[in-house]
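I opened the notebook to record what I looked up, entry by entry, with the cut-offs beside each term.

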Amino acid sequence: MKYFFILFLFIGSYQQVHAQKNDKDILKNLCEQKFAYMLQANASGLSSLLHDSVTYIHSSSKVDSKNSLVNTITNATTLYKKLDIYDVKITTFKNTAIVVGKLHYAAETKGELRAYDLLFT
């Protein structure tokens, strides 16, 4: 009986870790997709990923709503040239996840090319 209980705990722990890994992979893929949509100026794709009440804070401290971010991208106010993410870390707490990472960013804004290495959440 003791061995069955230990095996049951192991299987339960394995399933929980496997589910978390799957969830983290899904979240990382969604994060990558968001940046891909921004790079492609894909309004419908970006709009489908962002919650209606999202607040997007740029490195310049400019604050956008979902609509203003999508409009900025589709109206070519900002032309993203490169959005490469790396060192992505995902921490989960019950039904909440925090995604942080680094981003090499290059974009043209008002005719000026800018490139940065940034942190994102």
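What percentage of the 121 residues of the protein chain count as buried? I read 24%, where buried means under 20% relative accessible area with a 1.4 Å probe and protein chains only.

Before going on, I noted that this is a predicted model, in which local features need pLDDT of at least 70 and side-chain atom pairs count only at pLDDT 80 or more, while totals for chains, interfaces and linings use all residues. Residues are numbered from 1 along each chain as its sequence is written, and side-chain values use heavy atoms, with hydrogens and water left out.

I then looked up the secondary structure, which comes to three helices and five strands, in the order α-α-β-β-α-β-β-β along the sequence; these are DSSP runs numbered from the N terminus, helices being H or I of at least four residues and strands E of at least two.

For helix 3 (residues 66–74), I found Lys66, Leu69, Val70, Thr72 and Ile73 buried. They lie on the same side of helix 3 because they cover an arc of only 160 degrees around the axis, taken from the directions from the helix axis to the C-beta atoms. After helix 3 comes Ala76, with a positive phi near 60 degrees.

My last entry concerns strand 3 (residues 78–93) and strand 4 (residues 96–109), which pair in the antiparallel sense over 13 bridges, pairing requiring at least two bridges found by DSSP. Phe93 has Thr96 in strand 4 as its bridge partner, and in this hairpin, with two residues between the strands, Lys94 takes a positive phi near 55 degrees.

Methods
Buried means under 20% relative accessible area, exposed over 50%, partly exposed in between (1.4 Å probe, protein chains only).
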